[in-house]
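Please keep the sequence and the model in view while reading.

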Amino acid sequence: MTGDEIARLAYVLLIGTAVTGWVLAEARQGIGPTLKRALIWCFIFLGVLGGVGLWDDIRNDVAPRQLVLDGGARIEVPRSFDGHYYLSARVNGAVIDFVVDTGATDIVLTREDAARAGIPPETLSFIGQARTANGVVRTAPVRLDELRMGDIVDQRVPAVVNGGEMEQSLLGMSYLNRFSRIEISGDRLVLER
């Protein structure tokens with residue numbers, strides 16, 4: 001189990017324990033009203049679980065992901081509610097979510113995303129430096145065997161792994177320059193090859 005799965009399980013057990021404790025405390029008033037309240041709480045609990053289970057579908061409806069068009073040569077990325085453009089790509093077969101960052105020179109992977117892409121951070125040499133808004137961080141140069149977005153496939157792509165804390169991987173200019181056209185039109189980022 002991953003850390004996220006353990007946290008979710010602990011959360012569900014905590015809620016279940018609280019509801020069970022409430023039911024036992026209410027049982028002193030008589031079983032009829034207690035059962036009615038317990039059923040209401042069970043339906044609320046099931047509704048929350050259903051919402052959590054459907055969250056990815058709901059999120060994709062509220063904040064859609066990129067579209068690959070024109071035989072895979074054009075990618076349209078909708079602007080997120082926070083004003084950024086988020087793009088998903090397969091890196092060495094693993095799905096990685098990137099923030100499109102024209103202020104970043106390179107593709108920058110978090111340690112977690114590097115590990116998911118089969119690049120163990122503990123084996124890397126953090127010999128580079130990057131100047132960020134939060135100061136200087138150490139970086140490790142790597143080559144991505146494959147970076148895929150729809151039908152667009154690039155091999156042996158240079159990137160770096162960030163040695164510091166970072167919330168999300170960045171898709172910087174070294175990769176964006178591979179596109180013949182980069183345009184922001186309305187609330188969409190358009191990338192064309």
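## The largest pocket

Strand β6 supplies four residues to the lining of the largest pocket, the largest share from any element. The model is a predicted one. Strand β6 covers residues 128–132, and β6, β7 and β8 each contribute at least two residues to this lining.

In total, 20 residues line the largest pocket, and those nearest its centre are R131, T132, N162, M166 and L170. The volume of the largest pocket is about 530 Å³.

In soluble globular proteins, nonpolar side chains tend to be buried together. The largest nonpolar core in this model has 32 residues, and the members that touch the most others are I107, L144, L147 and Y175. Two or more residues of this core come from each of β2 (74–78), β3 (86–91), β4 (94–100), β7 (135–149), β8 (152–162), α5 (173–176) and β11. Strand β7 gives the largest share, five residues.

A separate core of seven residues lies apart from the largest one, and its members include V99, V108, M166 and L170.

## Surroundings of L144

L144 is one of the residues that touch the most other members of the largest core. When neighbours within four places in sequence are set aside, the contacts of L144 are V91, N92, I107, L109, I119, Q155, R156, V157 and A159. Among these contacts, I107 is likewise one of the core members that touch the most others.

## The hairpin of β10 and β11

Strands β10 (residues 181–185) and β11 (residues 188–192) run antiparallel and are joined by five bridges. One of the pairings links I182 to L191, its bridge partner in β11. Two residues lie between the strands of this hairpin, and G186 adopts a positive phi near 65 degrees.

Strand β11 also contains R188. Is R188 buried, partly exposed or exposed? Its relative accessibility is 27%, so R188 counts as partly exposed, because this class lies between the limits of under 20% for buried and over 50% for exposed. Although R188 and E76 are 112 residues apart along the chain, their C-alpha atoms are separated by 6.3 Å.

Conventions. Residues numbered from 1 in each chain as written. Predicted model: local features only at pLDDT ≥ 70, side-chain atom pairs only at ≥ 80, totals over all residues. Heavy atoms only, no water. Pairing = 2+ DSSP bridges. Core = buried A, V, L, I, M, F, W, Y, C linked by side-chain atoms within 4.5 Å. Buried < 20%, exposed > 50% of the residue type's maximum accessible area, 1.4 Å probe, protein only. Contact = heavy atoms within 4.5 Å. 1 Å grid on protein atoms, 1.4 Å probe; cavity = no way out; pocket = protein on both sides within 12 Å on 5 of 7 lines; lining within 4 Å. Points joined across faces, edges and corners; volume = space filled by probe spheres on them.
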